[in-house]
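Dear colleague,

Please find below the structure that I am handing over to you.

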Amino acid sequence: MTAATAVQSTFAMPSADGDPRRSSDERALVVAAQEGSNEAFAALVRLHQRRAYAVCRAIVLTHEDAEDAVQEGFLHAFRALDRFLPDQPFGAWLYRIMANASLDLVRRRKVRDADELSESSPAPFRDPGEADELRRRLTDALTRLTDRQRSVIVLHDVEGFTHGEIGSMLGIPEGTARSDLHHARAALRRLLKDVRSDI
Amino acid sequence: MTKLTLHNDGADDDVTRELRALYVAPAGEPYWNELEARIMARITEVDLGWWAELDRWARPALLAAAVLVLAAGVAMFRARQVETRTAYEHILTPSPVPVETVIRPTLEGDREASLRDVVGHKSNGRP
């Protein structure tokens with residue numbers, strides 16, 4: 001299948017996970033994008049943006065930051081596309097870039113928040129849609145975890161990534177991801193202990 | 001997908017549910033279409049930017065300039081070498097034609113003219 005055919009067929013076909021043609025089509029799209037086809041890259045964006053958002057959202061604190069990180073991540077991927085080997089899994093490569101973009105954003109936010117600390121004390125993140133006590137407390141509890149612990153527990157328990165995938169994304173060994181998950185769960189258990197007795 | 005099992009009672013399900021609700025991705029195609037459009041707009045903007053074009057051409061241009069400078073340098077060096085060699089050769093190599101041979105016709109011509117002049121005068125002076 002030529003790259004152009006792959007672009008056309010991908011535009012036409014649904015991008016559901018598990019499609020047996022997806023892997024080869026995706027490879028053709030990557031090759032086409034590497035040859036300069038913006039349409040092929042747009043098709044790759046369409047295929048991966050939901051998962052990319054999930055990865056970013058697990059690492060940053062807000063939906064808006066996740067959107068920013070997704071855009072940054074795709075921009076980085078576009079720039080680095082000529083260095084990607086099409087035989088590798090594109091998703092794993094892309095999500096690692098997304099995780100790095102998110103971690104960069106978190107670092108930048110921390111620096112900015114530290115700069116603004118002397119002027120005003122920012123309120124902890126609150127989801128405007130939170131309706132009940134558990135959600136409020138859970139939101140607070142999540143902000144008390146370390147960035148990595150929060151990322152690991154969300155990526156694993158909400159998004160369903162394996163320890164190995166999480167380790168690869170965050171640039172840590174699989175064992176460390178496993179240990180972070182254990183500590184994150186223990187911390188949440190401790191922080192939500194009194195809420196549990198209330199509900 | 002793994003369940004969050006903080007505790008083995010009903011509260012865990014609530015926590016898991018809340019955790020997933022907190023991190024739920026926006027639903028609806030219009031949102032994702034718009035996000036894709038924003039991503040691609042940003043990429044196109046960067047892709048078409050003059051700095052990207054400049055960046056794309058900077059390396060080949062630098063390489064071409066370096067090759068040109070090198071070629072010019074080599075050409076100049078060789079020209080100078082040839083010039084120097086020719087100058088040395090002119091100085092050191094004896095001329096294939098003897099100087100006398102070159103000069104003689106002129107001298108001889110002058111001498112003959114003088115002689116002719118003198119002889120002519122003499123012959124003219126005779127009765």
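This is a predicted model: local features need pLDDT of at least 70, side-chain atom pairs count only at pLDDT 80 or more; totals for chains, interfaces and linings use all residues.

Two residues are said to be in contact when heavy atoms of theirs lie within 4.5 Å. In that sense, 33 residues of chain B are in contact with 40 residues of chain A.

Residues are numbered from 1 along each chain as its sequence is written, chains are lettered from A and ligands numbered from 1 in the order in which they are written, and side-chain values use heavy atoms, with hydrogens and water left out.

The interface

Chain B and chain A bury about 3,600 Å² between them, and 63% of this is on carbon and sulfur atoms. Buried area here is the accessible area (1.4 Å probe) that two parts lose on being put together, summed over both. On the side of chain B, Leu22(B), Tyr23(B) and Arg42(B) lose the most area to chain A, together 20% of what that side buries.

Chain B has four helices and zero strands; helices (H or I, at least four residues) and strands (E, at least two) are DSSP runs, numbered from the N terminus. Between chain B and chain A, nine residue pairs are in polar contact, both residues being at pLDDT 80 or more. A polar contact is a pair of N or O atoms within 3.5 Å; within protein, one must be able to donate a hydrogen and the other to accept it, and residues adjacent in sequence count only if both atoms are side-chain atoms. Helices α1 (10-22) and α2 (29-48) of chain B each supply at least two residues of the side that touches chain A, and α2(B) gives the most, with 13 residues.

Salt bridges

A salt bridge is a side-chain nitrogen of Lys or Arg within 4 Å of a carboxyl oxygen of Asp or Glu.

Another salt bridge joins the side chains of Glu29(B) and Arg50(A) at 2.4 Å, N to O. Glu29(B) lies in helix α2 of chain B and Arg50(A) in helix α3 of chain A, so the pair joins two chains. Glu29(B) counts as partly exposed at 45% relative accessibility, and Arg50(A) counts as partly exposed at 34%. For these words, buried means under 20% relative accessible area, exposed over 50%, and partly exposed in between (1.4 Å probe, protein chains only).

Arg38(B) and Glu67(A) also meet in a salt bridge (3.3 Å, N to O). This pair runs from helix α2 of chain B to helix α4 (residues 63-80) of chain A. Arg38(B) is partly exposed, with a relative accessible area of 27%, whereas Glu67(A) is buried, with 11%.

The nonpolar core

A nonpolar core is a set of buried Ala, Val, Leu, Ile, Met, Phe, Trp, Tyr and Cys residues joined through side-chain atoms within 4.5 Å. The largest has 69 residues, and those with the most contacts inside it are Phe41(A), Val55(A) and Phe74(A). Helix α3 (residues 38-59) of chain A provides the largest share of this core, 13 residues. Leaving aside neighbours within four places in sequence, Phe74(A) is in contact with residues including Phe41(A), Leu94(A), Ile39(B) and Ile43(B).
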